[in-house]
Amino acid sequence: MKYAFFAGCKIPYYLPSYGTSTRAVCKALDIDLIDLEFNCCGYPVRHQNETAAIFSAARNMALARKNDCHIMTVCQCCYGQLKYAAYWLTRDPELRKEINALLATEKLCWTEDVQVAHFLSVLYRDIGGSNIRTLVKKPLEGLKVAAHYGCHALRPSHVVRFDNPMAPTIFEELVALTGAQPVDWPKRLECCGNPLWEKNNRLSLHLMKKKLADAADSGAQIIGTACTYCQIQFDAIRRTVSEDASINRTITAVLYSQMLGLSFGLERNDLGLTNDAIMNMING
Amino acid sequence: MVFTVSFYLALSICFFGVFLRMAGWARTEFDPQDSVGSLVRRLSGIFTGSLRILSSRRIVWIAAALIRDVFLQIPLLRAGFFRWLAHMCIFYGFVLLVMMHALGSIITAFFFPDYASTLDPFMMLRNLFGAMVLFGILVAALGRMRRNRFFRATSRSDRLVMFLLALVIVSGFLLESVQIVSAPIFDQMVDDYMGTDDTEIRDPLKAYWAKEFYVVFSEQPSSQDLETGQTLHEENCAACHSRPGSAFLSFSLSRLVGPWALWLNRVRADIWLWYIHFGICFVALALLPFTKFFHLISVPLNLMARAGVGLSSHPGTPDDITRLALEMDACTHCGVCSLHCSVAPIFRIIPNTNILPSEKLMSVTQLAHGKQLDATHLEAVSEGSFICTECFRCTERCPSGISLQTLWRKGKQTLIDRDYPDPHGWVRQLTTDQWADRLDRCRDNKPLCDTFNRYRHAAQDPNTFSACIQCSICTNVCPVVAAADGMMPPEVTPQQVMNLLRLNLKELALGSRMVWDCVTCYLCQEHCPQGIRVTDILYDLRNIAVERLQPVRRPSSRVHPDGCKTDDPHGKNRNEVS
Amino acid sequence: MVPHSNTPQGDAAPPSTIKTQVLIIGGGATGTGLARDLALRGVHCVLAEKEDINAGASGANHGLLHSGARYVASDIEAAGECRVEGELLKRLAPHCIEETGGFFVAVEGDNEQYVADFPQMCAACGILSKEIDIPTALELEPALSNRLIAVHQVADASIDPFRLSLENIAHAQQLGAVFLRDTAVVSFRRRNGYVDSALLRNRKTGEETTVIPDQVVNAAGAWAGYVASLADIHIDMIYSKGTLLVTQNRLTQRVINRLRPATDADILVPGGTVSILGTTSVRVASPEGIRPTVEEVDLIIDQGAAMAPVLESTRYIRAYAGVRPLFGSQQSGGDRTVSRGFALLDHMDSGINNFISITGGKLTTFRLMAEKTADLVCRRLGNSSPCLTGTQPLPKTEFSQWTEPGLAPKLWLKRRDPTDSLLCECDMVPKSAVESIAGRLSRSGRRADLSALALRSRIGKGPCQGAYCSVRVAAHMYDIGILQGNHGLPQLRDFLRERWLGQHPLLWDLPLAQSELMQAIHCGFFGIEQESITGVE
Amino acid sequence: MIVAENCIHCDLLVIGAGLAGSAAALFAANRGISTVLIGRTGNLQFTSGLLDLLAGYPVEDANDFSQSPWESVARLTADIPMHPFALIDPPEIRQAFTEFLAFLSEVGLDYYVETERNIRIVTSLGTLKTTYALPTSMRHNATALKEKQPCLLIDFEGLKGYSACQIRETLTRSWPGLRSARVAVGSGREYYPQPLADELENPSVQTDLVKAIRQHLRGEAFIGLPAVLGLSAASNVRQALEKQLGLPVFEIPMLPPSLPGLRMKEVLEKHLSGRKGVKTLFQQEVLEANRTEDQTFICHAGPGEPMVTIEARGIILASGRFFGKGLHATRKGIRETLFNLPVKQPESRSLWHHEDLLHPQGHPINLAGLETDKHFRPLGNDGQPVYRNLFAAGTILAHHDWMRMKCGGGLALSTAFGAVNAFLKMRSTSSN
């Protein structure tokens, strides 16, 4: 099984560990990841110029098509944006013509046949629970995880088609595979607040706070994420606002790829796993 | 005399210029907010800093960088073989020319006491090095012609530099070729070294040189006694003169000019060309600090500086700023960054060159040097800067090792401090009704065309929102509305935005907190019992707002009575109808 | 909070006997206009309206300020009046008028001869009309049918009749006139050729008032015949019912008239954020209990769609019907051919010397009607002061402005008061607006009820037709004390019932679903249809 | 997972995720039938959260509280043999309630029933609502009303559409013991029910609220609050308040979309999806349904366009009425949206509604819908079931005006119950 690995813009500089851990895990599951020089998915520019956003997304998919492989993203926002573009490109011939005309100058062309999948759905759909289970060497016994879905993978459901938008189960099931125990938390489907970071920090943090508190109250030890932005929000950004006492610090955010890697018994360094909290939780 | 004077003049200009450039680094103050020290303080900063590093163990790293990055130019090799090839040919070709030829009397003569420029192997090597440089320039030129993305990276200064270089070399070759055929020089030499006017002796030599050295004489020598000529040659000339054939380029060139040789000799072209050749060399030397030639100095310096000391990701200290200045000076505008930039494709839709790092850097540099840019330009820079997603690719790829990522962050901060933030920033400066007033006052009352049915006009197609049954579920599930307590209220709720649209009061929604604080979590859209694309509509309103509010943001400047920007970088994206 | 609104004596009952120079009956455009006209001449008058402002035809019309072009074929005189009055009103009452301009459009199959003659006919009446080429017309009005054959531009405009009458009466009151809402005439006392007193009764409270007038003006519109009969006077009236539909969105920028001899559903008038389509003309026996019917709705839509196809698919939020008071010696032919000019009757022939009836006419000429009437009245009163309504601009009052669509949200956002929440979401009417209206009403002696508030604002006029706002407004009325005891439910019922009359003929597709929600809430859940639902027997 | 399953096989496909659909899915699952539940759950938010059985009959005295609902049902079915209730034995109706309420309390949403009689509570309009099963959070509402106990009604600053004063004023003649007061939560800015409920789950906010309420207490025996006391943690919120106030606290249902409905939606969404044997496809719809020779239904479903194929041996159609989009009306008439089944309806549109919104008889169109045989199988024009394995349940059925008869909940539950049993019967007969 092969996929073009769509890392997105934030991983290389802001969250390299997501890249390393994903690669490590995929290696173990022998998914081979092809590296193409993708451009930005278009999500960041959508609020400013939707055409630009759709064109960016289309170009990526066309690039994958040229190298005939499908795309695997690890970021909910990239996933959402690519899906969104594909959705409208499929339904709006006028738009498709316009975009393809632009792509033609680079000898590229967008067509429906490029699939865009999120890391989680690749695991869930292509690999399947049973195959993953066989690789779990060191189950994360007793680790209580609040699975954080991330908005743009779930909604708008008719566009992204990731999972049941009102009662999704994929992430919890995948968490369970690692031997950890998914907890049920009321705010699991809500926003992490990152989209407003550096735009309206107060609001951004407020939303993060509510989620952290809710996860903690529901007895979770860590928040499991599968999105670059969410992870950055819950981890890096939370650390930058150390002065705000009202922010819950007991609970940490861990990337699902890292959890899975650990359960596979991979070295924490190969997973770019720096925070000890989770190690202690697992060992103790 | 002329020669010496002009040489020292050029040299001093060069040194002065270099000093100016370095002083420039020390004068750069990026962001008015930073406290940068005095010129002296910072100049000393440069030297003490470099001394400290050079005396530290870091020296090893720097040496390594010198070899890897400067001598072998590995970063360039990563950027592309032909770039590397061109640079290697030009750089080493030229350096060797300078050492063996220009400074021949000093350097070469030191190693080979019987050095003469007209003697092999030197004559052959000189041609070889010259050829290398020319070849390099050729490759570079072709490369620049070939390399096309959505824009041309090549600037005038690029052309100037290549042109000057080529001129130096070509003039050299021409000079040499003319010298080969030059009878006057022959006569002068004979006068100098044999000191006899006896044609009995002169003519055989003349004949021999005419035959073997291709000198072109006005009148055929009377005697054709080549044996005598040869012996004479071996006695007097051979010590300093190899056969011209080994100067392969100049020689073949001399065969070409042959037909006009007599005339050339008569006008003493050799002398003119001599002046021209050196003239150009000195000009080039003098221009070095003021043209792209300077990257000969700045790039290696930067590469070594980088090896010497890392740059903090949030530079603020005077020395940091100095470093940034050096970084910016190290840009050769080679365009590699723009080739790999992950938002560059957006330039296809938003034709704003400041989206492309290679171009944006120039604006940022102007910004850093405190140049007064007009509002339109600043807005363009701001747009470009905030479209950047900081994916780090440009920084990884830059052959000059510029830490662009840091520069971008710094640039954004500077723009914010100069009141040119991204739309999220400036829209918040007014409340939604104030924005509506602004639009009103600019008499821009043309309603947006409501006949679109395209996805991207969600907010302009009544069919997308008129199914609203006022159930307020969108508002109930909205995390932004819920979070409003204690912070600025969202002014209007999602439902109220839908109603403003239905009431044809779009302008009242454009600047609203709801539209700009929306976290795009799509809860409203997902829960709407009528399947209204609430979030998509909010997105679309942002698009419209960016387009329509930007022009009226500063009512004083650049606003026509009809509320359109005087120059509009992406006019093609507007969708007002008159 | 609203000043002296929560004091039980909010209902300041009017003195049981009022002496006045002129008693005006009927609070429509003419009545209110007359009140202002007289007041401006320093004549004291009492205006008695059995329901509320514009309850009759004045409130149930297109809100079209005619350029006159519509009547050039049928009624040259009326056409001329319209032209003059229209221009006058645009100058004097701009805040009630939107100068939209108008199109007369003919589509394939329309009477070509009429189309051909139209320009001359306009010219004959001095009405400016300009031919527009079809592509331009379609560009200006994309909603128009692409089967157009001719388009002429005229100076039609849209007018807000409620705002107009509210401003008129407000100004009259300022100048000392008395306005009695919910007050109907019960009887006149005739004594030797004069009506020397009139007995009035309040429909809601039942309290009676006697008015002793020098002159009586019967401006009861469609009810003029009935009112006259109370004074044993007979007037020939023709009642012509017209039904109109309100769309949810504004479909055109201009007034669109069908360029053909006047008939059904041939005018589409933009009114702020909506468009109004109409009308029909059906002869009815009496002005009472006039309701739009399903058949009329279908007829109007089918006809209108020929002019603007979007009318077939667009969402309608309301239908209403009014009665044209046509004064006429009965003629053959449709009621549209009966003069749309007005009739001023002095009833001398019936042996009464201080009773005048003004009837017929149309909204556009209300001022002229008022002027002529006032002239007669003044002549009788021996008052020689000239009419001022033709020169004095109509003043703007803060509390009458709330009928303007889209105004409430603008002011609301300006106030930026986070506690001033919207009670009506559809048209974005905030608490503050409700309070300003309620305050004014209670100052003028009557406590506001839900319907009165709605009449003077956009409440209940949006797509939800009162389903949500009724509850929110009622709750707020209790909070600020203008509702007490268990009066809330009856008012809620009246309000929703009244809304329903204009709703039920339009219930299919989305509106039907929405009305289902409304019934689920109000009947299924609150059970307001149960009289004894509060357990208070 | 959606993307994966391009084809799902199941015994029973329930179309419509409203109350009837959800109940049907539950009953089916409890009987070991592999079920797929598809539809938008949104409309559950508009339900009051109360489960009516039958408030009274005939509708004119639907407020006659003295009647036993079961007697009313008997009388109703006698008079209107076409009414859906007439298709089920009363014991089955009881069973449906028991089973459904059992499920709700199992997932933490407790209801209160007085099996033999209706319960009556106060609404935010000050009207009295007669119902059968009500959330325990409203139990004391009924008690207080019955005993006309002195009672303090609280409303919130910024919560529009709810006025404690209105309730007091409206009821005060029959219930003098009522007092009302307004308190502020947080900054007192405008509040919408759901965010407010969210706030109230926060302990510190609860303490503030209790403080505020105490100041207004004048020895009342009960405290009535708008139905916004928490969403997922509703019961905790109420108990916390009662504990701190030392007084029974009750909720007063208000203008939908309101919390009681939302709580129901939440638990149904979450716990039906988690339930063994049920697969939920929320926010999707069946776009096209065909039938093979062996009478299996092949349904193409998805969000707006086909994405998954469902093979089912039977279908229960619970797609609701006009608001639920199970029925659709044009100017010309009413049709059923999926199978285009014949819809029993008045001859012409002019007969759909009365001129009086509150006409005591209710509007004829509300009696329109699908007619079925006694096994809940929709009838064709020939009076015979259209398909032997297609059943209908809920409000889409004809001959009931739940809004006037106040029988919505009972209708949904009992018809769902009946339809599932009918499906079982059908399957057992077809299998042997």
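The dialogue below takes up an interface and then a pair of helices.

A: This is a predicted model, in which local features need pLDDT of at least 70 and side-chain atom pairs count only at pLDDT 80 or more, while totals for chains, interfaces and linings use all residues. Residues are numbered from 1 along each chain as its sequence is written, chains are lettered from A and ligands numbered from 1 in the order in which they are written, and side-chain values use heavy atoms, with hydrogens and water left out.

Q: How many residues of chain C are in contact with chain B, and how many of chain B take part?
A: Contact means heavy atoms within 4.5 Å; here 24 residues of chain C are in contact with 25 residues of chain B.

Q: What area is buried between chain C and chain B?
A: Buried area is the accessible area (1.4 Å probe) that two parts lose on being put together, summed over both. Between chain C and chain B about 2100 Å² is buried, and carbon and sulfur atoms give 61% of this. On the side of chain C, the residues that lose the most area to chain B are C:Leu413, C:Arg416 and C:Glu425, together 25% of what that side buries.

Q: How many salt bridges does the rule find across this interface of chain C and chain B?
A: A salt bridge is a side-chain nitrogen of Lys or Arg within 4 Å of a carboxyl oxygen of Asp or Glu, and the rule finds 2 across the interface of chain C and chain B. C:Lys414 forms a salt bridge with B:Asp437, with the closest N and O atoms 3.2 Å apart.

Q: At what angle do helices α2 and α9 of chain C pack?
A: Helices (H or I, at least four residues) are DSSP runs, numbered from the N terminus, and axes are lines fitted to C-alpha atoms, for helices over the stretch in contact, with angles running from 0 to 180 degrees between N-to-C directions. Helix α2 (residues 76-92) and helix α9 (residues 366-381) of chain C pack at about 100 degrees, with their axes 9 Å apart. Angles of 65 to 115 degrees count as roughly perpendicular, and α2(C) and α9(C) are therefore roughly perpendicular to each other. The contact is made by C:Glu81, C:Glu85, C:Leu88 and C:Leu89 of α2(C) and by C:Phe366, C:Arg367 and C:Leu368 of α9(C).

Conventions:
Helices (H or I, at least four residues) and strands (E, at least two) are DSSP runs, numbered from the N terminus. Angles under 35 degrees count as roughly parallel, over 145 as roughly antiparallel, 65 to 115 as roughly perpendicular and the rest as oblique.
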